[in-house]
Amino acid sequence: MDHLGEAVATLDQGGVLTPLADLVRQVYRRAADRHEPELGDDAMSFGTTVWRNLANLGAAQFAGLPGVDARIEDNSLEILCRGYIVRLYSLHGGTSSSVETIRWEGSEARLGGAVENSQGGQLALDDDEQFPEAFPGIVPRRRHVRIAHAGDIGTGEVVAYLGLPRDNRDGGSPWFQVQLWFGQPTQAVLPLASGSLAGVGVRLPGEVPIPELDVHVRPRCGEGVPLSALA
């Protein structure tokens, strides 16, 4: 089993993934129901509502679940379960957004997981004193798991991806591995298991194919062709 498969299996066994998926769907649906453009709501207010609701409701929902600890870190929900650290981030652009466009440089906490995942060797057990119940003594390889999500303002339909973040400040994909978790993207932007779109014929949102044009050499003036024919 690969690293992402191990993470998904462990988090599912720990009782994290199913209630978290339900929470994400509920938050988006309720935010869409409350969205009122005539009262001044826009994409920013919608995104803020989703962000704060996920953080506050998620921390409360997972409180007391055996083997799981939830907290609000860097103003975002963070869930610790059996050595894994799960955080949620929104994708800009709605359900047509490509998961490959996400960036980790927004904050130290946001970038830190990608950097740690990209380091070689055994990871340090740095949270054992504060969260002993969430770290049983074995630190998984690439323990940082990220959920990237986006939703439709009008319908509340949501699409979410689950993957292992990668430090890509020098280029390449922001993911070691990433997969569609639930929902249906509105365009063909599904990621590959490797997290790389390089060399693959996948069109990103807003990207228009460049047509192939026939090129003809126009004769120069003075070669017996009337100027009107060159206009």
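A salt bridge is taken here to be a side-chain nitrogen of Lys or Arg within 4 Å of a carboxyl oxygen of Asp or Glu. The structure is a predicted model, in which local features need pLDDT of at least 70 and side-chain atom pairs count only at pLDDT 80 or more, whereas totals for chains, interfaces and linings use all residues. Residues are numbered from 1 along each chain as its sequence is written, and side-chain values use heavy atoms, with hydrogens and water left out.

The chain contains five helices and six strands, where helices (H or I, at least four residues) and strands (E, at least two) are DSSP runs numbered from the N terminus. Read from the N terminus, the order of these elements is α-α-α-β-β-β-α-β-β-β-α. Of the 231 residues in the chain, 42% are buried, a residue being called buried under 20% relative accessible area, exposed over 50% and partly exposed in between (1.4 Å probe, protein chains only). Contacts are defined by heavy atoms within 4.5 Å, and among those in the chain with a separation of 6 or more, 54% involve residues 24 or more positions apart.

By the rule given at the outset, the count comes to six salt bridges. One of them joins Glu 116 to Arg 143, with the closest N and O atoms 2.7 Å apart. Because Glu 116 lies in helix α4 (residues 108-118) and Arg 143 in the loop between α4 and β4 (144-151), this pair ties together parts that are 27 residues apart in sequence. Both Glu 116 and Arg 143 are buried.

Helix α2 (residues 17-34) packs against helix α3 (residues 43-61), their axes coming within 9 Å and crossing at roughly 140 degrees; the axes are lines fitted to C-alpha atoms over the stretch in contact, and angles run from 0 to 180 degrees between N-to-C directions. The contact involves residues of α2 that include Pro 19, Leu 23, Val 27 and Tyr 28, and residues of α3 that include Phe 46, Val 50, Leu 54 and Leu 57. The residues of this contact divide into 11 nonpolar, four polar and one charged, with Ala, Val, Leu, Ile, Met, Phe, Trp, Tyr, Cys and Pro counted as nonpolar, Asp, Glu, Lys and Arg as charged, and the others, Gly among them, as polar.

A nonpolar core is a set of buried Ala, Val, Leu, Ile, Met, Phe, Trp, Tyr and Cys residues joined through side-chain atoms within 4.5 Å. The largest such core has 35 residues, of which Leu 11, Val 16, Leu 20, Ile 79, Val 145, Ile 147 and Trp 181 touch the most other members, and α2 gives the most to this core, with nine residues. Not counting residues up to four places away in sequence, Val 16 touches Leu 11, Phe 62, Val 68, Ile 79 and Cys 81. A second, separate core of 13 residues includes Ala 114, Ala 148, Val 159 and Trp 175.

Asp 42, in the loop between α2 and α3, has a relative accessibility of 40%, and its C-alpha atom is separated by 8.9 Å from that of Ile 153, 111 residues apart along the chain. Gln 179 lies in strand β6 and has a relative accessible area of 35%; leaving aside neighbours within four places in sequence, Gln 179 is in contact with Leu 4, Val 8, Tyr 161 and Leu 162.
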